[in-house]
Amino acid sequence: MTNRSTSQASGVLQPVTIQTNPIAVTDRTREVYESLSRRAYDLFEGRSHQHGHDVEDWLCAESELLRPVPLEIKWSDEQVTVRAEVPGFTAPDIEISAEPQRLFISGKKTLSAEQTREETACSEQRSKEIFRAIELPAEVDPSQATAILKDGVLNITLPKTVASKAARAQVRVERPIR
């Protein structure tokens, strides 16, 4: 199931692998959740354990650790399409996991910069990380999903499952005994 392109040229289509293994999704979700929890707790401790700011701390941790991923979700009778803006990421940086009702987009890219001044070497690292969990508007077939990255825009196509025909039930009304 590895169908990744190593091309990083601008404008080149880069296929991105979509995982359908829910265990991988759970591990990645847990990892992001734990990172956010640790940072939110650090913020709580920084205020001398002052209560009442839980949501604020969580949102602050998200904004510090994760980059926002603007989304556009569209659907038709045949498919659901998700368009996500992920500038600066390449296909190998991104992990996509699909389930019948949910889609997970995550990515991590570590950038290093090293400067030398006189006899001192200075090295800096910063991390770009994204994570989105999306509830889909319809049930899809994860095994048929495709994803393409081009010019920092990730386009994911998820074919809908064939809807089973609803069975008609005959309703019988019983009259009360008098």
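Strand E8 (residues 146-150) and strand E9 (residues 153-159) run antiparallel and are joined by five bridges, where strands are DSSP runs labelled E of at least two residues, helices are runs labelled H or I of at least four residues, and both are numbered from the N terminus. Across this pairing, Leu149 stands opposite Leu154 in E9. The structure is a predicted model, in which local features need pLDDT of at least 70 and side-chain atom pairs count only at pLDDT 80 or more, whereas totals for chains, interfaces and linings use all residues. Residues are numbered from 1 along each chain as its sequence is written, and side-chain values use heavy atoms, with hydrogens and water left out.

The two strands belong to an open sheet of five strands, in the order E1-E8-E9-E4-E3 and with antiparallel pairing; two strands are taken to pair if DSSP finds at least two bridges between them. Strand E1 (14-15) and strand E3 (71-75) are the edge strands of this sheet, each pairing on one side only. The chain as a whole has two helices and nine strands, and its elements, read from the N terminus on, follow the order β-β-α-α-β-β-β-β-β-β-β.

Of the 178 residues in the chain, 29% are buried, a term that means under 20% relative accessible area, with exposed meaning over 50% and partly exposed lying in between (1.4 Å probe, protein chains only). Among the contacts with a separation of 6 or more, 58% are made by residues 24 or more positions apart, contact meaning heavy atoms within 4.5 Å.

In soluble globular proteins, nonpolar side chains tend to be buried together. A nonpolar core is here a set of buried Ala, Val, Leu, Ile, Met, Phe, Trp, Tyr and Cys residues joined through side-chain atoms within 4.5 Å. The largest such core has 25 residues, of which Ile94, Ile96, Leu103, Ile105, Leu154, Ile156 and Leu158 touch the most other members. At least two residues of this core come from each of strand E4 (79-85), strand E5 (94-98), E6, E7, E8 and E9. Leu154, when residues up to four places away in sequence are not counted, touches a set of residues including Val16, Val82, Ile94, Ile96, Ile105 and Leu149. Another core, of seven residues, lies apart from the largest one and has Leu36, Ala40, Ala61 and Phe131 among its members.

The structure also holds three aromatic pairs, in which rings of Phe, Tyr and Trp (its six-membered ring) have centres within 6.5 Å, and planes under 30 degrees apart count as stacked, over 60 as edge-to-face and the rest as tilted. One of these pairs, formed by Tyr41 and Phe44, is tilted, at 5.6 Å centre to centre and 45 degrees between the planes. Because they are three residues apart in helix H1 (residues 22-46), Tyr41 and Phe44 are separated by about one helical turn. Tyr41 is partly exposed, with a relative accessible area of 43%, whereas Phe44, at 13% relative accessibility, is buried. Phe104 and Phe131 form a tilted pair as well, at 6.4 Å centre to centre and 40 degrees between the planes. Since Phe104 lies in strand E6 (residues 102-117) and Phe131 in strand E7 (residues 120-135), this pair ties together parts that are 27 residues apart in sequence. Both Phe104 and Phe131 are buried.

Phe44 is also touched by Asp57, a residue of helix H2 (residues 54-65) that counts as buried at 5% relative accessibility.
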